[in-house]
Amino acid sequence: MLAPGSPASVGSQVISSHWQQQLLKCEMIRSSRSPHHRARASAMASRTVTKSAIPITNPNVIKPPPSESKETDSAPSTTDSPITNHPSSTVGPVAPRLTSIKPPENTWNSLDMGGVNLKNLPPTSGLFQFTFLLNLYLNHNALSIVPPEISKLRYLEVLDLSANNLASIPPELGMLTQLKELYLFDNHLTTLPHELGTLHQLQTMGIEGNPMDATLKALVQKEGTTALVSYLRDTCPVPAPPPERIWKSVMTTPEREALAADPYAETFSVQCYNILCEKYATERLYGYTPAWALAWDYRKELIMTELQSYNSDFLCLQEVDIAQYEEYFIPQLEKLGYEGVYWPKSRYKTMSESDRRQVDGCATFYKSARYQLVEKHLIEFSQVAMQRQDFKKTDDMFNRVLGKDHIAVVTLVEDKQTGTRVIVANAHIHWDPAYSDVKLVQVALLLDEIDKIANNFARYPPRPPPTPAADGENDGESPPPPRAAPTYTDGTKIPLIVCGDYNSVPDSAICDFFTNGTLPANHPDFLSHMYGKYTSEGLRHRLGLKNAYAAPGAGDLHVTNYTPGFQDVLDYIWYSAANLGVNAVLGGVDTGYLKKVVGFPNAHFPSDHVCLVSEFRVKPPRENPPRPPPPVFS
C-alpha cells in the first residue's frame, strides 16, 4: 500500500511546484530510515575516489532555490538603497546575511541519531549542550515528545524529526531562526504552533504524512512554506508583555541628601531612541515580525506611548523621516509641551519632493516651558571633512568618508528661570563594521565640532534674572531668592549631552575614545587608512565625557539592539562629568522576556532598538576661591 501523499498515489492530479518539492523531500527522508543513514552517506561522499566513473555527492547538502539568493556577502555597497544603508542591516534579519553569525567553533557540526529506536529525549540530555550544531537528524525513532530545551541549539539550519510518534512539537522551536529545513514528515501532527511563524529563513516545512489541519496543508500545497510561515506569524496570539523596566538610582546617600537639601538643585532627563524608520521596517528585513506589528500605524502609537510615559525633558530620536516628523511627531509632541529641532540626512537634497519625504534624520525635542532655544546646528560629517585641509588630498577620504551622509544635530538651550545652559548633541553614525575607520572619523569630527560650538556658546552674556512674582501670586512658602545666572569661562563648563545610535559595541575604539579622550594614531580600527592629523597625531578631545549607563549602580545593560542575528549595545548617552552627575537610569529589558522572543520589533517593542533614559543633576560652576590676604609682618 502506498503511503498517503506519495508521488504514485496522486495519480494524474496536477500539483504545484511547492508540493512537488515537498513530496520529493518526503520520499528522500523515507529512504533514510536505516541507522545513521546520513552519517554513513556523508562518510562515503567525503572519501576521495579517484577512479570512480560515477561521482558520489553529499546527500546532506541543501541547495537553496535561486530565488533566495537576493543578496551576497560581497564587499559593502555604497548605494543609497534602504537595505544597504540601514544601520542594522549587517546584523538584521536579512537572508542570507544572518548566516554570517557563527556558531561556537568545533571540529564537527552535524549529528545523526536517526533510525536507532530512540524513545526518550530528556530535557537534561547532553545533546542540548552541543550549541555548535548546524544539522541534527532525529528521524525514524520512537520519540513522542521533543523537549523545549531543543531551542538552545540556536544555530541549527537543518532539523529532521520525521517518522517519530509526535502528536505535537514545542513552540520553542520558533527560537531556531537559523533553520532552513524542518522535516516533520510521517508523525501524528494535526496542527503547528503559531510560534513557528518566526522561522523567517525556512525554505522547507515538511508536513506530508501527518493528519494536518486542512488549512495549513492547503497553504503549503498551493503557495509553499513561506506562505505557511507568514500565516503562522501573522495569526500568532500576542504573548504576555514584559515586566516594566526598572529605574536604577546611582546616587550615593550623601549625594541624595545634598540634592534634597539644595533649594537651587537642577535636574533634567534625556531619552535616546532609534525608532526604526518606516521605510526600513519591511518584511524582507524583519521577516520574524507580524505584519500588523511592523505597520507604522501600529508602531507609532507604541513609540508615542513610550515618549509620553517617561516624560523626559529632552527627546533625542534617530531614524525619523521628514514625513513622520512633520505629520506625526510635531503635532503630537506639541500637545505634550515640546518643541523640536530636526534635519534629515544629506541625500534629501538630491531627491524629488515625494522621495525626500522618506529620508530619515535626527530629531531633538525639548520642553519649551522650561527651555529657550538659543541655537541649533547641523553637522554633516562629509561636509565637515571636505573643509579640513589635512583631509582634502587623501584617497581614503574621498572613497570612504564622503560617500556617507550621516549627520548630527546639536541643540543649544538655556533654562528660562536659572539661566543654566545645556548642549544636546544627537547623532547617528555609520553602521557597517567594515568601515570602523569611517565611524572613528565621524565621531572625531562630531566632538571637534561640539567643542567649537560650546566655546562660542560660552561667550554669550548670562541670561537676565527672571522678573520676581508680584505679592500674592505665590501661595504657601515663598521661593528662595533667584541665584545669579551662571557664567561660563569656556565651552567645557557648559553641561553637555552627546547621545544617539553609534552602531558600536562597548569595547569598540569609539567608546574608548569617548571615555578616555584619546586614541592612538595607529589604532587598528583605522584599518591602515590615512586621515590627516587623525592618523598622524591620533584623536583627542577635552570634553570629559562618561557613559551614563556605566555609572556605579547602573547594572549591566545587556542590549539596546535586539534581532535574531545581533544582541548588544549600540546606543549611548554620554555626559560631561565635570558639570553633570547621574541620578538614575532606566534599566534594561527583562532578561527572562528576552529569552522568549527572537527579536524586535514585536507586539511590545516598536523598534529593533530599545530606548535609553537617564536623569541628571547639574553641578553649579565652580567659583574661583578668593585670593588669600597678603601676609602681615609684625
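## Strands and their pairing

Two strands are said to pair if DSSP finds at least two bridges between them. In this predicted model, strand β7 (residues 267–274) and strand β8 (residues 314–321) run parallel and are joined by five bridges; within β8, Q318 is the bridge partner of N274.

Both strands belong to an open sheet of seven strands with mixed pairing, in the order β6-β21-β22-β7-β8-β10-β9. Its edge strands, each pairing on one side only, are β6 (247–249) and β9 (338–344), and neighbouring strands are turned against each other by 25° on average when direction is ignored.

## Helices across the sheet

Helix α8 (residues 296–310) lies across β6, β7, β8, β21 (580–586) and β22 (612–618), and its direction makes an angle of about 165° with β7. Helix α9 (residues 322–335), by comparison, lies across β8, β9 and β10 (360–367), running at about 150° to β8.

In soluble globular proteins, nonpolar side chains tend to be buried together. Here the largest nonpolar core holds 101 residues, of which F268, F329, L446, V498, Y502 and F616 touch the most other members. Helix α13 (residues 436–458) supplies the largest share of this core, with 13 residues. Apart from it lies another core of 40 residues, among them F128, L133, L153 and L189.

Helix α1 (residues 17–30) has 14 residues and reaches 20 Å from its first C-alpha to its last, which is close to the 20 Å expected at 1.5 Å a residue. The buried residues in α1 are W19, Q22, L23, K25, C26, I29 and R30. Seen down the axis of α1, these buried residues fall within an arc of 165°, so they line one face of the helix. An α-helix has 3.6 residues a turn, so residues three or four places apart point the same way. Among the elements that cover the buried residues of α1 are α2 (37–46), β3 (158–160), β4 (181–183), β5 (204–206) and α4 (214–223).

The loop between α1 and α2 contains S32, which counts as buried because its relative accessibility is 4%, against a cut-off of under 20%. Not counting residues up to four places away in sequence, S32 touches H37, R38, N139 and H140.

How values were computed. Residues numbered from 1 in each chain as written. Predicted model: local features only at pLDDT ≥ 70, side-chain atom pairs only at ≥ 80, totals over all residues. Heavy atoms only, no water. Core = buried A, V, L, I, M, F, W, Y, C linked by side-chain atoms within 4.5 Å. Buried < 20%, exposed > 50% of the residue type's maximum accessible area, 1.4 Å probe, protein only. Helix = DSSP H or I, 4+ residues; strand = E, 2+ residues; numbered from the N terminus. Expected span 1.5 Å × (residues − 1). Arc of directions from axis to C-beta. Contact = heavy atoms within 4.5 Å. Axes fitted to C-alpha atoms, helices over the stretch in contact; angles between N-to-C directions.
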